[in-house]
Amino acid sequence: MRTAVLAAAMSSAPLARPVVALLPPTSKVTPAIEVTEEYVAVPASEAYDEIIDEAARLYDIDANLIHAVMQAESAFHPYAVSRAGAEGLMQLMPELSDEMGVGDAFDPRENIMGGVRYLKRLLDYHDGNLDLALASYNAGPGNVERYGGVPPFRETRNYVKTIKQILAARRRSADAD
């Protein structure tokens, strides 16, 4: 409701009018929940571990790889939207979401399952070649085919390198534990 009110107000309000003026004064707002000493915030990088582990088992993919892709794609932000229109934790384009059976790209479980299902498809298509699968995830399999390997796009080359670095760091950290 608050978002709808803000959106309506923003669309009709002059630009110089501060948005804060549209909200009730903070002295009149009472918290809806009580926070106790037992409450512990979960770091974003761990918030989806159960879903990631389930997807890793279901699709036989290293959970560290799923974490790395999510970190690079959305920094674990479930409502992330890219300039190109990719949505959610695994940054799925709407057409890909439809193809992967994802009804709500902003639902963490649906997004992760759809993204991992697609990543598994790409790994299988490229016979387990991680570089080609990641390049396909980023630039599309058509570009990987067109260039006969990782496309010469700076973004895609950096993407593959970044995910492999995150993956290596996660594996080193797991080995150290």
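Analyst: Let's begin with helix 6 (130-139), which gives the largest share of the lining of the largest pocket, four residues. Helices here are DSSP runs of H or I with at least four residues, numbered from the N terminus. Please keep in mind that this is a predicted model, in which local features need pLDDT of at least 70 and side-chain atom pairs count only at pLDDT 80 or more, while totals for chains, interfaces and linings use all residues. Residues are numbered from 1 along each chain as its sequence is written, and side-chain values use heavy atoms, with hydrogens and water left out.

Helix 3 (63-74) and helix 8 (154-176) also supply at least two residues each. The lining has 20 residues, and E73, S82, A86, N138 and E155 lie nearest the centre of the pocket. A pocket is an open set of points on a 1 Å grid over the protein atoms alone, where a 1.4 Å probe fits and protein lies on both sides within 12 Å along at least five of seven lines; lining residues have an atom within 4 Å of a point. The space in this pocket comes to about 540 Å³, a volume being the space filled by probe spheres set on the points, which are joined across faces, edges and corners. By kind, the lining divides into 11 nonpolar, six polar and three charged residues. Here Ala, Val, Leu, Ile, Met, Phe, Trp, Tyr, Cys and Pro count as nonpolar, Asp, Glu, Lys and Arg as charged, and the others, Gly among them, as polar.

Now follow helix 8. Its 23 residues should span 33 Å at 1.5 Å a residue, and its end C-alpha atoms are 33 Å apart, which agrees; the expected span is 1.5 Å times one less than the number of residues. T156, Y159, V160, I163, I166 and L167 are the buried residues of helix 8, where buried means under 20% relative accessible area, exposed over 50% and partly exposed in between, with a 1.4 Å probe and protein chains only. These buried residues pack against helix 3 and helix 6.

Helix 6 has another partner too. The structure holds three aromatic pairs, and one of them, Y118 with Y137, is tilted, at 5.7 Å centre to centre and 45° between the planes. Y118 lies in helix 5 and Y137 in helix 6, so the pair ties together parts 19 residues apart in sequence. Rings of Phe, Tyr and Trp (its six-membered ring) pair if their centres lie within 6.5 Å; planes under 30 degrees apart count as stacked, over 60 as edge-to-face and the rest as tilted. Y118 and Y137 are both buried.

Definitions and conventions
Contact means heavy atoms within 4.5 Å.
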